[in-house]
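This briefing goes through a single protein chain, from its overall make-up to a few local details. The sequence and the structure come first.

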Amino acid sequence: MLWAVNMALAASPWTIDAPVADAIRAVADRPVGERIDAATRPFLGLPYQNDAAGEGVPPDLDPPARYDRFDCLTFVEEALAMVLAADPVDAPELREVLRYHGPASYTTRNHFMEAQWIPGAIEAGLLVDITDRVGRARTLRKEVTPEVWRNWRGRWRFSLDDLALPLGAWTLRYLDLAEAANAVPLVPPGSVVVTLRVERAWSPVVTTHVSLVVPGASEPMMRHATRMGKQVVRDDRLGWYMDHLRDYVNWPALGVAILAPVEQGPRLSALFPDPWAATPFPPAEGGLPSFTPSPIAPSEPPDDPSE
């Protein structure tokens, strides 16, 4: 494989550095949010690169893993795999469960968040949907037909046969923009924040960003690989980000879904705190809230590759 040649030439970008692995082991008995913080803190400032990982063979020659640059999803996948594994060296096994719905290949990769990645991670017991536990949620429903795929202008980016494209209906619980802002103090560290845009009849996707919540000195922080600003892995205040979503203009934001990692193996019985033990909130009622956008400066690209 071509990526194996690259590994031999420069091992560091393709393997977990020993200091990172040691940092994770040092907090192995701590809650998952602290472990994610320790695992990903060394990645702060590393560059964003869209589609940073692949299978190492055509049609995607990128390596299965790299630790010198990330896109938003590969950053989340690597972080979850490293901290949920019994030891960081076992991360590739969990990464493969998150990324694929069968033996690893481009065709079996979970390319589409709503139809594949999220339900696959929940079915595998790696994530649980806690959206209803942190706020008054709504349900987004989407029906994806062959006609939707034919009309979608992003179809060309995926080297998949039509038969490999997911079809049918899916649902996803989400917090609208007002509820998302109110929920910030309740979102547990370690959570995965999934950013959703307003549903479009001709598009099969609504997810445009995914990020992690880590502990902050006085409030939760959001750590993510983003195209905003300097296009690096960075921390933002979770409250700021929830408010920032109101400013999307070209493709307005709908809200967020919140997922929590599920501890594996021996840690399962020692999980503290239990992020999904809270009583669900009642569902949201009435129409969606409306806001007057204040777009970011044109020189700062949005965290949405579709715009």
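The structure is a predicted model, in which local features need pLDDT of at least 70 and side-chain atom pairs count only at pLDDT 80 or more, while totals for chains, interfaces and linings use all residues. Residues are numbered from 1 along each chain as its sequence is written, and side-chain values use heavy atoms, with hydrogens and water left out.

**Whole chain**

- The chain has 10 helices and eight strands; helices (H or I, at least four residues) and strands (E, at least two) are DSSP runs, numbered from the N terminus.
- Of the 307 residues in the chain, 50% are buried, where buried means under 20% relative accessible area, exposed over 50%, and partly exposed in between (1.4 Å probe, protein chains only).
- The chain exposes about 13900 Å², and carbon and sulfur atoms supply 56% of that area; accessible areas come from the Shrake-Rupley method with a 1.4 Å probe, and for residues only the protein chains shown count as cover.
- Taking contacts between residues at least 6 apart in sequence, 69% join residues at least 24 apart; a contact means heavy atoms within 4.5 Å.

**Helix H3, residues 32–40**

- Helix H3 is largely enclosed by the rest of the structure, because eight of its nine residues are buried.
- The buried residues of H3 are Val32, Gly33, Arg35, Ile36, Asp37, Ala38, Ala39 and Thr40.
- Their cover includes helix H2 (18–26), H4, strand E5 (207–214), E6 and strand E8 (253–261).

**Helix pair H4 and H5**

- Helix H4 (residues 72–84) packs against helix H5 (residues 91–99) at an angle of about 135 degrees, with the axes 8 Å apart. Axes are lines fitted to C-alpha atoms, for helices over the stretch in contact, and angles run from 0 to 180 degrees between N-to-C directions.
- This angle makes H4 oblique to H5: angles under 35 degrees count as roughly parallel, over 145 as roughly antiparallel, 65 to 115 as roughly perpendicular and the rest as oblique.
- On the H4 side, the contact is made by Thr74, Glu77, Glu78, Leu80, Ala81, Met82 and Leu84; on the H5 side, by Ala91, Leu94, Arg95, Leu98 and Arg99.
- The residues of this contact comprise seven nonpolar, one polar and four charged. Ala, Val, Leu, Ile, Met, Phe, Trp, Tyr, Cys and Pro count as nonpolar, Asp, Glu, Lys and Arg as charged, and the others, Gly among them, as polar.

**Loop between H3 and H4**

- Asp51 lies in the loop between H3 and H4 and has a positive phi of about 55 degrees although it is not a glycine.
- Asp51 is partly exposed, at a relative accessible area of 34%.
- Pro59 is also placed in the loop between H3 and H4, and the peptide bond from Pro58 to Pro59 is cis, with omega near 10 degrees.

**Other loop residues**

- Ser159 sits in the loop between helix H8 (146–151) and strand E3 (168–176) and is partly exposed at 49% relative accessibility.
- Leaving aside residues up to four places away in sequence, Ser159 touches Pro59 and Tyr106.
- Ser159 and Thr107 are 52 residues apart along the chain, and their C-alpha atoms are separated by 8.3 Å.
- Gln231, in the loop between strand E6 (221–225) and strand E7 (233–237), is a residue other than glycine with a positive phi, near 60 degrees.
- Gln231 counts as partly exposed, at 34% relative accessibility.
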